[in-house]
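Welcome, and please take a moment to look over the chain below.

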Amino acid sequence: MAIALRNRYRRLLLPEDIRDEVAPKNILMIGPTGVGKTEIARRLAKLCKAPFLKVEATKYTEVGYVGRDVESMVRDLMAVGYNMVKEEIQETLRQQAETRVEEDLLDLLLPGSRPDKSPENQPVDVLPISIFGTPATTEGEASQKTENQEAQQLSGTREKFRIMLREGRLEEREVDVTVKKQNTMPTMEIFAGGSMEDLEAGMRQITSMFSGNRSKKKTVTIREARRILTEDHLDRMVDPDKVSEEARQRVEQSGIIFIDEIDKIAVKGERGGQDVSREGVQRDILPIVEGSKVNTKYGVVDTTHILFIAAGAFNLASPSDLIPELQGRFPLRVELDSLHAQEFRRILLEPKNALTKQYAALLATENVTVVFADDAIDRMSFLAADVNSRSENIGARRLHTIMETLLEELSFEADEHAGETITITSEYVDKRLQNIVENQDLSRYIL
C-alpha cells in the first residue's frame, strides 16, 4: 500500500510524455473481517489528502437490473473531491469572511450605524446666499450638523459594540438573520439505472430551479448567526468552476476507490440464476478499473489513473473465482493474517483514539476517573483472541463487544460514582466476563 501511494507521487514528477503511460497497480486485499483492510486504505488516503471513497460491491447491479450502476462510484468520488477542495479554498478565505461577518453582526445589532464613505451617497446641500454675499445659516445647515453629531455618536457606539463582540460578551444576544440563497442554475444528473435516492435528489433540484431566490428569517443567537453568515459569505466567495476543475484534477491523479466485499460478487462453480447478475457486475466494473470517461455534474472524469483497492474475506470463494479479466486488473495480491492477543493489546493502547481512551473520556464527563491497569489490558486482549478462535472471527470488532460488556454496569451507574477513581484490573475483567466467556452458548449471543 505504501509503495503504491509513493509511486503515485513519483509519477507526478515524471515528464509528461512518460507520465500518462504509468498506470496505478491496483491492489486486491485478502483477509478476514476486522483485520483493518478498510482502515489501512482510509488512513493512507487521509495522510496524503487524496479523495477517498469506500463502496460495497454488493450494492451494484449490472445494467438492466434495479440497483445502482457502477459508474455512480466515480460520481460519488468526484463529489468527495469537490467538497474537499471547496473546504480547503474556504479555509484560505475564512479570515476575510470573518471580517465581513463582524460588520454584518454590527449591522444587525445597530441598524444604520455603518459609516457610508462613498461620495456618491453623500448629500449635497446648496446654501442660500444672503444679500451681503455670505452664506446664510439655515435650518438645513443646523440639521446637517445634528446629523453629523448623531453619526459620530453612532460610530462610537458601533466601536464599543465591536469590542464587546470580539470579547465574546454578546454571544447569547438574539438577532434576526436573513440569508438569501444564491440563484444558481442547478446541474441535473439523472442517469438510467439510478436509485430512488438519485431520482429524489434530481426532483428536488428541479423544484429549487423553478422556485427562484428564497430567503428565510430566523431569530438566533449571535453565536449561531456568526456561523450562518460565515457559511453564506464563504459560499459566495468561492468560484464553483474553479473548485470543479481543481477537484477533477485531484480525483483523476490521486483519487482512491476502495471496493469492499468483492468476494460476494465472485461466481463459484456452475453459473446460473443470481450468479449471472454477479458476473455482470464484474464485467461492468472492468471498464471503470481499466480506464474510461464518466460523466458527472462536475465534468467528465477519466478513471485511468484512479487507484482501485478491492478487498474481501474470500471465505466461501477464492480470488480465482473472479472472472479472469477482473483478476488481471488487480495484479497485486496482499494477504492479511488474523489478529492475535499482542495486536489487540496494541490496538487498546497505541492509537490516539484507542477504545480505552474513548471510554475513559466518556466517563470523565460524569466526573468518574477510569484507569486501566496493564494486567486488565492483557486479560482483555487474551479474551478477545480466545473468543475469536472459538466462535466467529470478527477481528478487532470483538474489542468493542468486550469493552461494552465490561463497562456496562459502570456506565449505567456512573452518576453514583461521581468523584471516584475506578481502576480496572484483571480481577474486575474476570468478574464481569469470565462466566460469559466460559459459556459457549452465552458468549455466542453476548460477545
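Helix α3 supplies the largest share of the lining of the second largest pocket, with 6 residues. Please keep in mind that this is a predicted model. In total, 35 residues line the second largest pocket, and the space in this pocket comes to about 1100 Å³. Which residues lie nearest the centre of the second largest pocket? They are Gly 34, Val 35, Gly 36, Glu 39 and Ala 396. Two or more lining residues come from each of α3 (37-47), α11 (341-349), α12 (355-364) and α14 (397-406).

The largest nonpolar core has 43 residues, and Met 380 and Ile 424 are the ones that touch the most other members. Helix α13 (residues 374-390) gives this core its largest share, 6 residues. If you leave aside residues up to four places away in sequence, Met 380 touches Leu 348, Phe 372, Ile 402, Met 403, Leu 406 and Val 429. There is also a second, separate core of 41 residues, with Leu 93, Ala 97, Val 238 and Phe 308 among them.

Val 429, one of the contacts of Met 380, also brings us to helix α16, where Val 429 is buried along with Ser 426, Leu 433, Gln 434, Ile 436 and Val 437.

Finally, the aromatic rings. A pair of aromatic rings is described by the distance of the centres and the angle of the planes. How many aromatic pairs does the structure hold? There are 2, and they are set out here:

| Aromatic pair | Centre to centre | Angle between planes | Arrangement |
|---|---|---|---|
| Phe 52 and Phe 258 | 6.5 Å | 40 degrees | tilted |
| Tyr 82 and Tyr 298 | 4.4 Å | 20 degrees | stacked |

The phenylalanine pair links distant parts of the chain: Phe 52 sits in strand β2 (residues 52-56) and Phe 258 in strand β5 (residues 256-260), 206 residues apart.

For the tyrosine pair, Tyr 82 belongs to helix α4 (residues 72-109), while Tyr 298 lies in the loop between β6 (293-296) and β7 (299-302), so the pair ties together parts that are 216 residues apart in sequence. Tyr 82 counts as buried because its relative accessibility is 12%, and buried means under 20%.

Notes:
Residues are numbered from 1 along each chain as its sequence is written. This is a predicted model: local features need pLDDT of at least 70, side-chain atom pairs count only at pLDDT 80 or more; totals for chains, interfaces and linings use all residues. Side-chain values use heavy atoms; hydrogens and water are left out. Rings of Phe, Tyr and Trp (its six-membered ring) pair if their centres lie within 6.5 Å; planes under 30 degrees apart count as stacked, over 60 as edge-to-face and the rest as tilted. Helices (H or I, at least four residues) and strands (E, at least two) are DSSP runs, numbered from the N terminus. Buried means under 20% relative accessible area, exposed over 50%, partly exposed in between (1.4 Å probe, protein chains only). A nonpolar core is a set of buried Ala, Val, Leu, Ile, Met, Phe, Trp, Tyr and Cys residues joined through side-chain atoms within 4.5 Å. Contact means heavy atoms within 4.5 Å. On a 1 Å grid over the protein atoms alone, a cavity is a set of points where a 1.4 Å probe fits but cannot get out, and a pocket is an open set with protein on both sides within 12 Å along at least five of seven lines; lining residues have an atom within 4 Å of a point. Grid points are joined across faces, edges and corners, and a volume is the space filled by probe spheres set on the points.
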